Amino acid sequence: MNDNINTQQNALSPEEARIRQEKIDALNKRLLREEKERKNGWKGIFWTVIAALAIRSLIFEPYNIPSSSMVPTLLVGDYLFVTKFDYGYSRHSFPFSLPIIPRGRIFYNEPKRGDVAVFKKPPENDTDYVKRVIGIPGDTIQMRAGRLYINDQLIPREFKGQELWNTELGEQLYSRYTETLPNGVVHDIYELTDENRYDDTPKIEIPPDSFFMMGDNRDNSLDSREFGPVPAKNLEGKSRLIFYSTDGTGWFFQFWRWKEFLRLERFFTDIK
């Protein structure tokens, strides 16, 4: 049988042998090209993932608001861009708090009073919280009968009216106030009453590289009145912009219902 095969191969004319070799060469080139494309495809995916992680860790990251602790400033269903470079970087700047920066912060800039910051809640350091910076290092913070005192000075607030709002606790009648912090930052807060759990606290002195955080919804916020000052190493970034907002009653692809569930007036609004 082998003799028959050899005889057939030897019987190929020079032209047939050339054509056969060209086909073999073309097949080899195609296989090599496909292998190169596969490798380049994986390289492209790899570098795309690296670029996305770098942007998320070093420049900005999207967050969404799951609770009403920052009403009326931030609503459930708001989606934010949080800039990561404002306060420098720590391990909590990276996904899963990878210990790329094992201690403290680098390129650190101290948050300003009134900033709306995202941080890891102490002491567990595993849950993202968003609150307003009320106290900075060296301050003394206290709540007395529902009023905020910073360094024993009463923080002024102006009554704006009452508003019904549906939160995790059901529909509530809130009093809305405009509060002015010592550095001139003006923002609105909600109060149910001046006699709730966190409306009277002892004086809390803010240690170096730590910050006192509070929700703008003062009677429905777990914040530094409960877990104490937040270390600077826990900071993740500064809330800058609402880029999308929904009341949760529809899906984005239901474009014919956008006016019903999208809060279009909140799209691309600055956070103050």
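Predicted model: local features only at pLDDT ≥ 70, side-chain atom pairs only at ≥ 80, totals over all residues.
## How confident is the model?

Let us start with the confidence score, pLDDT. Across the protein the mean pLDDT is 88, and 91% of the residues reach 70 or more.

The table sets out the two side by side.

| Pocket | Volume | Lining residues | Classes in the lining |
|---|---|---|---|
| Largest pocket | about 400 Å³ | 23 residues | 10 nonpolar, 7 polar, 6 charged |
| Second largest pocket | about 200 Å³ | 13 residues | 5 nonpolar, 3 polar, 5 charged |

To find the largest pocket, look for Ser67, Ser69, Tyr129, Val130 and Lys131, the lining residues that lie nearest its centre. Strand S1 (60–64) and strand S4 (128–135) each supply at least two residues of this lining. Which element provides the largest share of the lining of the largest pocket? That is S4, with 4 residues.

For the second largest pocket, the residues nearest the centre are Pro72, Thr73, Asp270, Ile271 and Lys272. Two or more residues of its lining come from each of strand S10 (186–191) and strand S15 (269–270). Of the elements, S10 gives the most to this lining, with 3 residues.

You will find Asn234 in the loop between strand S13 (230–231) and strand S14 (235–245). Is Asn234 buried or exposed? Asn234 counts as buried because its relative accessibility is 1%, and the cut-off for buried is under 20%. The side chain of Asn234 reaches the backbone oxygen of Lys120 at 2.8 Å. Lys120 is also one of the residues that Asn234 touches when residues up to four places away in sequence are not counted; the others are His92, Arg105, Phe119, Lys121, Pro122 and Asn125.

Arg257 also sits in a loop, between S14 and helix H4 (258–261). With a relative accessibility of 19%, Arg257 counts as buried, because the cut-off is under 20%. Not counting residues up to four places away in sequence, Arg257 touches Thr249 and Gly250.

Phe212 brings us to a strand, as this residue is found in S12. Why does Phe212 count as buried? Phe212 counts as buried because its relative accessibility is 2%. Leaving aside neighbours within four places in sequence, Phe212 is in contact with Arg132, Val133, Ile134, Gly135, Ile141, Ile204, Ile206, Ser224 and Arg225. How far is Phe212 from Glu265 in the model? These residues are 53 residues apart along the chain, and their C-alpha atoms are separated by 31 Å.

How values were computed
Residues numbered from 1 in each chain as written. Heavy atoms only, no water. pLDDT = per-residue confidence, 0-100. 1 Å grid on protein atoms, 1.4 Å probe; cavity = no way out; pocket = protein on both sides within 12 Å on 5 of 7 lines; lining within 4 Å. Points joined across faces, edges and corners; volume = space filled by probe spheres on them. Nonpolar A, V, L, I, M, F, W, Y, C, P; charged D, E, K, R; others polar. Buried < 20%, exposed > 50% of the residue type's maximum accessible area, 1.4 Å probe, protein only. Polar contact = N/O pair within 3.5 Å; in protein donor to acceptor, adjacent residues only side chain to side chain. Contact = heavy atoms within 4.5 Å.
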